[in-house]
Amino acid sequence: MARISKNRKAVLAKYDPDKVYTLTEASKVLKDLTFTKFDPSVDVDIRLGIDPKKSDQMVRGVVSLPHGLGKTVRVLVLCSPDKAQEAKDAGAEHVGLDDYIQKIEAGWTDIDVIITMPTVMAKVGRLGKVLGPRGLMPNPKSGTVTLEVGKAVKDVKAGKVDFKIDKQGIIHASIGKASFSAEKIRDNAAELINTVVKLKPASSKGTYLQSISLSSTMSPGIKVDSSSI
């Protein structure tokens, strides 16, 4: 029989893996289950009752979290020279165009978000093979292809999250840090879940929110009652 670690015993003593908690309860329990020496991310996993293979049931969107993500988001803005100062004033770490395109083609991807403009997408488009698999390709639907680059940078820095359903019909998204108060974790999670509910496809039948789970980087998933939100 496998030996149960000290931390595992402590976790099992503080929550019931078979119980479905309200979001408020789950946020408090999550705080009690964090034993790491670093500040782990808090994630929400939402299984939807849709068919992701059908184009009319694709769920994708953005949400601005009321309490941010609790981390520094490194932003690259690929723009024309007349927009460079606007991007820098908004707080972008990297601003340019041709020089950064060359760096990315050489393998550099040390950023979290890329924002660009419709007028330069012809150049940025050729980076799809590098940026696509890393989830860094700018997209108009997520607000990362826009003429208002300054506003886009500020939105991302303030906690704007881009989410998309995967092939299994699940949305995975980080909504903060375990060092957040239980109330802030609850508020951020609720904002994400409510946004997903608003995006329910018209063609979706049956139960839309199949299951919701709240977890930190190294904690077990805590089942959340969708009706509590």
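A salt bridge is a side-chain nitrogen of Lys or Arg within 4 Å of a carboxyl oxygen of Asp or Glu. By this rule, nine salt bridges are counted in this predicted model.

**Exercise 1.** Determine which parts of the chain are linked by the pair Arg74 and Asp110.

*Solution.* 
Step 1. The closest N and O atoms of Arg74 and Asp110 are 2.5 Å apart, and the two residues form a salt bridge.
Step 2. Arg74 belongs to the loop between β2 (60–64) and β3 (75–78), while Asp110 belongs to the loop between α4 (98–105) and β5 (113–116).

**Exercise 2.** Decide whether Lys83 is buried or exposed, and describe its pairing with Glu86.

*Solution.* 
Step 1. The side chains of Lys83 and Glu86 form a salt bridge, at 3.2 Å from N to O.
Step 2. Both residues lie in helix α3 (residues 81–89), three residues apart, or about one turn of the helix.
Step 3. Buried means under 20% relative accessible area. Lys83 has 19%, and is therefore buried.
Step 4. Glu86, at 32%, is partly exposed.

**Exercise 3.** Identify the helices that hold Lys123 and Asp98, and classify the exposure of Lys123 and of Asp98.

*Solution.* 
Step 1. A salt bridge joins the side chains of Lys123 and Asp98 (3.1 Å, N to O).
Step 2. Lys123 is in helix α5 (residues 121–124) and Asp98 in helix α4, 25 residues apart.
Step 3. Lys123 is partly exposed at 35% relative accessibility, and Asp98 is partly exposed at 41%.

Conventions:
Residues are numbered from 1 along each chain as its sequence is written. This is a predicted model: local features need pLDDT of at least 70, side-chain atom pairs count only at pLDDT 80 or more; totals for chains, interfaces and linings use all residues. Side-chain values use heavy atoms; hydrogens and water are left out. Helices (H or I, at least four residues) and strands (E, at least two) are DSSP runs, numbered from the N terminus. Buried means under 20% relative accessible area, exposed over 50%, partly exposed in between (1.4 Å probe, protein chains only).
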